[in-house]
Amino acid sequence: MIKRYAALIRNAWLVDLQYRASIVLWLLWGVTEPAIALGIWWAIAGDGSVAGYARADFARYFFAVMLINQLTIAWDSWYLDRWIRDGELNYRLARPLHPAHEAVAENIAYKARTASVILVVWLVVAAAWPAVRLPLDPGRWALTFVAVLLAAAMRFFISFTTGLLAFWTTRATAIMELHAGVSLFLAGRIAPLALLPPAVAGVAGALWFRSMLAFPVDLLTGAVHGADAIVRGLASQVVWLGIWIVAYRIAWSRGIRKYGAVGG
Amino acid sequence: MRGRWIPLLGAFWRLNLAEELQYRANFVASVLGTLFSMATALLTLSLFFHHTTSLGGWDYWEIVVLLGVFNALSGVIEAVLRPGIGQLAGEVRSGELDLVLVKPVDAQGFVSFRRLDIWRFADVVLGLALAGYALTRLGRIPSVAQLVAFALALASAAVVVYAIWVVLMSLAFWFVSVENIAVLFDAVYEGARYPVSAYPGALRFLFVYLIPIAWTTTIPASALTGRLRPEVALAAALVAALAFVLARALWRAAIRRYAGASG
């Protein structure tokens, strides 16, 4: 299995290399939203602070959002929607490996390439701009690494499962857009959850949205502290990952029975 | 040559309309999608204004006017630019542009206006309705001069955005593997959601001077709310004319580089 994955990842890496100009464009697109949000909060914070967030806190938060969102985002629903509708899924099913493995390998190759670019940019910016420097804390970084893995796995299953809805509806990607719109607030893309009305932040924490992005980001910047809060955050990630895996298994087994596309 | 333009485009758009009318459910989906994105934009704005009373010197309803302009302009982009000039980069890569160039019409005009995504024109109406509602909330009824200035500024903004698309798409003649170049526009256009004065240092330099996208919404919205004197619209029209001429020149240089090899 490890050998297979190494081959799949190498393959995906080389395909991406062919389209590196395109990947740079997607990367730019991905960082604009947090950059604009940072700009606006920067202006609002002024020389004071908003709900405990001063300018430097916003800068650290949104740099972490850029990095961790890139590491956890999954485009698989768009691919699945297309594969199911135009029949490309057929030959992927004919391979001796579940199509999800190939999708995982593509995610790993894409994220390794793009996130390392963001990381290098962050380091360069941090050299010149103290506001975005993080305290040296290897323990916290190790915990963040685990939280990012859990978030990436969960967002992969959310995206893959939503894409599978294309077995039943032609609007699977619209459902994913809806989810993206909601996660703008609930996952912490537009503002730290601490700045949302408490009831809304509560919903984000009770559902899977905080686990998607806001929790790993807050873990990295240090906004989540104390063993208790960290354990609860990680536990919530594990639970929601489990729930989405179950949802994926149900959608896959039901959908594949229903599927009967021609062509490919 | 010139005389053939109007019946030709007329025929294209008629076919286009007939085709789209088969997919009427798409209209409902498109309007719902637009309403959803307007709602998220308004919620985002409410979140900002939960923690402040003004943004770059603009208050809440003034920025809602700007959001309405942003949506109207998005409608023009989605209805005209993306299905038309937006397909160019892919056609340069695949060589399909050959089929356009052999036609006895102006290639730039043909590429730009051959296809419309008519349902997205609803976004223009929704955007203008939002701007109108925000104006009543502000209690400002624009004068005729302001309305004329607004119309001129909005048309100028559309021309400037068109010129930016032509420039981006022309890059495909030099760098063939940038089929998704429109993504670059989408990224930068996000900056037009807020007034230029709201951005600090580096971002302002990017959105205001490097890629002057933020002006395309700030100026029409300012004309509507009376922040700018109506004469500013004339300056906007001049800038638009200049942008159009430059884009046209770049297009010609790009076409000369093209050596298609389609099948």
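A residue is counted here as buried if 20 or more other C-beta atoms lie within 10 Å of its own. By this criterion, 42% of the 264 residues of chain A are buried in the predicted model. In chain B, buried residues account for 41% of the 263 residues.

Chain A contains 11 helices and 0 strands, and its elements accordingly run α-α-α-α-α-α-α-α-α-α-α from the N terminus. The radius of gyration of chain A is 19 Å, close to the 18 Å that the globule rule gives for 264 residues, so chain A is as compact as a globular protein of that length. The C-alpha trace of chain A extends over about 60 × 40 × 30 Å along its principal axes. Among the contacts of chain A with a separation of 6 or more, 78% involve residues 24 or more positions apart.

Chain B comprises 12 helices and 0 strands, in the order α-α-α-α-α-α-α-α-α-α-α-α from the N terminus. Along the principal axes, the C-alpha trace of chain B spans about 60 × 40 × 35 Å. Of the contacts in chain B with a separation of 6 or more, 80% are between residues 24 or more positions apart.

The contact between the chains involves 26 residues of chain A and 29 residues of chain B. On the side of chain A that touches chain B, α2 (20-45) and α8 (172-186) of chain A each supply at least two residues. The largest share of this side, 15 residues, is contributed by α2(A). By class, the side of chain A that touches chain B consists of 20 nonpolar, 4 polar and 2 charged residues.

One residue of helix α8 of chain A is Ala174(A). When residues up to four places away in sequence are not counted, Ala174(A) touches Ala29(B) and Gly33(B). Ala174(A) has 16 C-beta neighbours inside 10 Å and therefore counts as partly exposed. Within chain A, the C-alpha atoms of Ala174(A) and Trp78(A) lie 9.8 Å apart, although the two residues are separated by 96 residues in sequence.

Two packed helices are described by the angle between their axes and the distance between the axes. In chain A, helix α4 (residues 76-86) packs with helix α7 (residues 138-164) at an angle of about 25°, the axes being 7 Å apart. With angles under 35 degrees counting as roughly parallel, α4(A) and α7(A) are therefore roughly parallel to each other. The crossing in which α4(A) passes α7(A) is right-handed. From α4(A), the residues Asp76(A), Ser77(A), Tyr79(A), Leu80(A) and Asp81(A) meet Phe156(A), Ser159(A), Phe160(A), Thr162(A), Gly163(A) and Leu164(A) of α7(A). The contact of α4(A) with α7(A) is made up of 5 nonpolar, 4 polar and 2 charged residues.

Also in chain A, helix α3 (residues 55-72) and helix α10 (residues 209-221) cross at roughly 130°, and their axes come within 9 Å. The helices α3(A) and α10(A) are therefore oblique to each other, and their crossing is right-handed. On α3(A), the contact is formed by Arg60(A), Tyr61(A), Ala64(A), Val65(A), Ile68(A), Asn69(A) and Thr72(A), which meet Met212(A), Leu213(A), Pro216(A), Val217(A), Leu220(A) and Thr221(A) on α10(A). The residues of this contact of α3(A) with α10(A) comprise 9 nonpolar, 3 polar and 1 charged.

In chain B, an angle of about 155° is found between helix α2 (residues 25-50) and helix α3 (residues 60-81), with 11 Å between their axes. Since angles over 145 degrees count as roughly antiparallel, α2(B) and α3(B) are roughly antiparallel to each other. A right-handed crossing takes α2(B) past α3(B). Here Met38(B), Ala41(B), Leu45(B) and Phe49(B) of α2(B) meet Tyr60(B), Ile63(B), Val64(B), Leu67(B) and Asn71(B) of α3(B). The contact of α2(B) with α3(B) has 8 nonpolar residues, 1 polar residue and no charged residues.

Note on methods. Residues are numbered from 1 along each chain as its sequence is written. Chains are lettered from A and ligands numbered from 1 in the order in which they are written. This is a predicted model: local features need pLDDT of at least 70, side-chain atom pairs count only at pLDDT 80 or more; totals for chains, interfaces and linings use all residues. Axes are lines fitted to C-alpha atoms, for helices over the stretch in contact, and angles run from 0 to 180 degrees between N-to-C directions. Helices (H or I, at least four residues) and strands (E, at least two) are DSSP runs, numbered from the N terminus. Angles under 35 degrees count as roughly parallel, over 145 as roughly antiparallel, 65 to 115 as roughly perpendicular and the rest as oblique. A crossing is left-handed if the near helix is turned anticlockwise from the far one by less than a right angle, and right-handed if clockwise. Two residues are in contact if their C-beta atoms, placed from the backbone, lie within 7 Å. Ala, Val, Leu, Ile, Met, Phe, Trp, Tyr, Cys and Pro count as nonpolar, Asp, Glu, Lys and Arg as charged, and the others, Gly among them, as polar. The radius of gyration is taken over C-alpha atoms; the globule rule is 2.2 Å times the number of residues to the power 0.38. A residue is buried if 20 or more other C-beta atoms lie within 10 Å of its own, exposed if 12 or fewer, and partly exposed in between; C-beta atoms are placed from the backbone.
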